[in-house]
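Subject: Structure handover

Dear colleague,

Here is the structure you are taking over. My notes on what was found in it follow below.

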Amino acid sequence: MNTPHQTGSEPLPSVLPVAQRPSRDQRKGRYVPESMRHPGKMLPALAARVIEAFTTPGELVLDPMCGIGTTLVEAIHLGRSAAGMEYESDFAHLTLRNLQLARTQGASGTARLVCGDARNVATVYADLAGEVALVLTSPPYGSHTHGQVTAGRKNQSGKVEKAHYRYSTDPGNLAHRSIGELLEAFGHILAGCGELLRPFGVVAITVRPIRVKGELIDLPGHVAATAEEAGLTLTDRLVALLCGLRHGGLVNRASFFQMLEARRARDKGIPACAIAHEDLLVFQRATDLARRRR
Ligand SMILES: C[S@@+](CC[C@H](N)C(=O)[O-])C[C@H]1O[C@@H](n2cnc3c(N)ncnc32)[C@H](O)[C@@H]1O
């Protein structure tokens, strides 16, 4: 199923092969190297594909939880305007550096960034009310799916260690909240974004199921329900591949810890699979859709 509001010339297919190149290669030369320390970045190819599908040059793209700025960087490379918020000053600085780099590479769009709590997005960006064509974002989901590995000789302990799997120790960072609290806060953020959307604007959220102590949590389903409560209606649910496709098969790009978690679950008799995709949930304001039906 394709959404009726796509503005690009070609409708999006429901499966997006956006990991044909590993994340690191997609970022090489396009993002400052320190960006890699962020534990849960969006694939640049995914951001670019969604922005092209749902906006035209000159339109405004917002990411209220922008991390190191993938949405903003890809938007300005595509000639869109961009606005972002990020709670962590470290990541906000990396966003600024990534935007500067994009400008030196000829990105023509303009961008604004505020370091702060996205629950205030409607107030912070009140001047953008009715202007945002696309909100593209993903919520933080703690340590379950994120993290990087330092192994053996590098960390001197000889053991494999997980690094950068939490965003900071600040409780204002929603990655530290329980799933219930995270969803409640995310609902506030989505309601705020809804106030800034232009008529028939789109909200696109990437999110994947997580395992907490072996239990599978349907985070995409919970996010969809939260968004509906915030006044949005789900108009499409797509698959963004996190694996590559080559010679008729899948190229695994799951992290060391994702593979380890799946193996541990299987050892306990839980038939867990290695993660190879995430959901891309697409919404519009319920009030806009009601108007279209009239
Ligand atoms: C999944 S990451 C987004 C990564 C981003 N898409 C990128 O490619 O860099 C979620 C981000 O939300 C940020 N965050 C957490 N709580 C926040 C809040 N209350 N307000 C704004 N940002 C927040 C985290 O610091 C994290 O960078």
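Are α3 and α4 roughly parallel or oblique to each other? They pack at an angle of about 15°, with their axes 9 Å apart, and are therefore roughly parallel. Angles under 35 degrees count as roughly parallel, over 145 as roughly antiparallel, 65 to 115 as roughly perpendicular and the rest as oblique.

Before the rest, two points on the source. This is a predicted model, in which local features need pLDDT of at least 70 and side-chain atom pairs count only at pLDDT 80 or more, while totals for chains, interfaces and linings use all residues. Residue numbers start from 1 along each chain as its sequence is written.

Overall picture

The protein has nine helices and 14 strands; these are DSSP runs numbered from the N terminus (helices H or I, at least four residues; strands E, at least two). Of its 294 residues, 41% count as buried, where buried means 20 or more other C-beta atoms within 10 Å of the residue's own, exposed means 12 or fewer, and partly exposed lies in between, with C-beta atoms placed from the backbone. Among contacts with a separation of 6 or more, 72% come from residues 24 or more positions apart; a contact is a pair of residues whose C-beta atoms, placed from the backbone, lie within 7 Å.

The largest nonpolar core holds 71 residues, and Leu134 and Ala204 touch the most other members. Such a core is a set of buried Ala, Val, Leu, Ile, Met, Phe, Trp, Tyr and Cys residues joined through C-beta atoms within 7 Å. Leaving aside neighbours within four places in sequence, Leu134 is in contact with Ile51, Phe54, Thr55, Val61, Gly201, Val202 and Ala204.

Helix pairs

Axes are lines fitted to C-alpha atoms, for helices over the stretch in contact, and angles run from 0 to 180 degrees between N-to-C directions.

Leu72, Val73, Ile76 and His77 of α3 and Thr95, Asn98, Leu99 and Ala102 of α4 make the contact.

Helix α3 (residues 70-77) also packs against helix α2 (residues 44-54), where the axes come within 9 Å and cross at roughly 55°. The two helices α2 and α3 are therefore oblique to each other, and the crossing is right-handed. On the α2 side are Pro44, Ala47, Ala48 and Ile51, which meet Thr70, Thr71, Glu74 and Ala75 of α3.

For helix α6 (residues 179-196) and helix α7 (residues 219-229), the axes come within 9 Å and cross at roughly 45°. This makes α6 and α7 oblique to each other, again with a right-handed crossing. Leu183, Phe186, Gly187 and Leu190 of α6 meet His222, Val223, Thr226, Ala227 and Glu229 of α7.

Backbone points to check by eye

Most residues other than glycine have a negative phi. Phenylalanine 200, in strand β8 (residues 197-207), has a positive phi of about 65°. With 14 C-beta neighbours inside 10 Å, phenylalanine 200 counts as partly exposed.

Histidine 247 also has a positive phi, near 50°. Histidine 247 sits in the loop between β12 (244-246) and β13 (249-251) and is exposed, with 5 other C-beta atoms within 10 Å.

Regards

Key. A crossing is left-handed if the near helix is turned anticlockwise from the far one by less than a right angle, and right-handed if clockwise. Two residues are in contact if their C-beta atoms, placed from the backbone, lie within 7 Å.
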